[in-house]
Amino acid sequence: MTIDELTSMRLGITREDLDTLSSNALLGQLTPRELGSFIEILAHLHATPGTVFMQEGEEGDFMYFVLDGVAVLSRNAHVIRRVQRGEHFGELSMLGVRLRSSTVVAETDMRLARLNRSRFTGLAARSPAAALHLLQALVGSLGDDLTQLTDSVAALVGRRSKAR
């Protein structure tokens, strides 16, 4: 199944979904009012195993928040990690910063919330504070990822140096 074949969920957001979204590293930084504005612009989707959300190297204007299920994130055909409930992916392409850096495929049945660039731009026009807080949270999250990556590289280099 491709991203174009995803089926929209028409039931709206549940309390459990709201809890999942508010625990997300990005969305958890928003005030309740900002989170409410943000949730209104999300599309709710269902995907089956094998659904390809994004392909490495493609352009994209969506990001996803996982409400339920697991997807596999890979780069150069190597599994990097699994993305699960409460996590997100695709944020840099949604912002128009870069091409997709990884491929993400549903491993299980999934429910997701999807945000596209035009809806985010609309939110920024209506609620600049919410958009700014989301971007600040994104920068913080990327900083945390970079710190973790450099720590991992330093540990790997240290182990190799000691082995010689």
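**Helix 1 and what lies over it**

Begin the tour at helix 1, whose buried residues are covered by, among others, helix 2 (32–40), strand 4 (62–68) and strand 9 (110–116). The model on display is a predicted one. Select residues 15–22 to bring up helix 1, and then pick out its buried members, Asp17, Thr20 and Leu21. These residues lie on the same side of helix 1, because they cover an arc of only 95 degrees around its axis.

**The chain as a whole**

Traced from the N terminus, the elements follow the order β-α-α-β-β-β-β-β-β-α-β-β-α-α. The chain has 164 residues, of which 38% count as buried. Its accessible surface is about 9400 Å², and carbon and sulfur atoms account for 53% of that surface. Among contacts between residues at least 6 apart in sequence, 74% join residues at least 24 apart.

Next, colour by pLDDT. The mean for the chain is 86, with 90% of the residues at 70 or more. Where pLDDT is low, predicted coordinates should not be read in detail.

Centre the view on Phe38. Which residues does Phe38 touch, not counting those up to four places away in sequence? They are Leu27, Leu30, Phe65, Leu115, Leu123 and Leu134. As a general matter, nonpolar side chains in soluble globular proteins tend to be buried together.

Return to helix 1 and display the charged side chains. The structure holds seven salt bridges, and the following stops visit some of them.

Select Asp19 and Arg15. These two form a salt bridge, with their closest N and O atoms 3.3 Å apart. Both residues belong to helix 1 and stand four residues apart, about one turn of the helix. An α-helix has 3.6 residues a turn, so residues three or four places apart point the same way. Arg15 is exposed, at a relative accessible area of 59%, whereas Asp19 is partly exposed at 37%.

Move on to Glu16, which forms a salt bridge with Arg85; here the closest N and O atoms are 2.4 Å apart. This pair links distant parts of the chain, 69 residues apart: Glu16 is in helix 1, and Arg85 is in the loop between strand 6 (78–84) and strand 7 (88–89). Both partners are partly exposed, Glu16 with a relative accessible area of 43% and Arg85 with 36%.

Then select Arg111 and Asp17, whose side chains meet in a salt bridge at 2.7 Å, N to O. Since Arg111 lies in strand 9 and Asp17 in helix 1, the pair ties together parts that are 94 residues apart in sequence. Are Arg111 and Asp17 buried or exposed? Both are buried. To see how these bridges connect, select Glu16, Asp17, Asp68, Arg85 and Arg111 together: salt bridges that share partners join them into one network.

For the last stops, select Ser141, which lies in helix 5. Ser141 counts as buried because its relative accessible area, 14%, is under the 20% cut-off. Beyond its neighbours within four places in sequence, Ser141 is in contact with Leu26 and His88.

Finally, go to Ser74 in strand 5 (residues 70–75). Ser74 is also counted as buried, at 15% relative accessibility. With neighbours within four places in sequence left aside, its contacts are Glu56, Val79, Ile80, Ser102 and Thr103.

Terms used:
Residues are numbered from 1 along each chain as its sequence is written. This is a predicted model: local features need pLDDT of at least 70, side-chain atom pairs count only at pLDDT 80 or more; totals for chains, interfaces and linings use all residues. Side-chain values use heavy atoms; hydrogens and water are left out. Buried means under 20% relative accessible area, exposed over 50%, partly exposed in between (1.4 Å probe, protein chains only). Helices (H or I, at least four residues) and strands (E, at least two) are DSSP runs, numbered from the N terminus. The arc is that of the directions from the helix axis to the C-beta atoms. Contact means heavy atoms within 4.5 Å. pLDDT is the predictor's confidence in each residue, from 0 to 100. A salt bridge is a side-chain nitrogen of Lys or Arg within 4 Å of a carboxyl oxygen of Asp or Glu. Accessible areas come from the Shrake-Rupley method with a 1.4 Å probe; for residues, only the protein chains shown count as cover.
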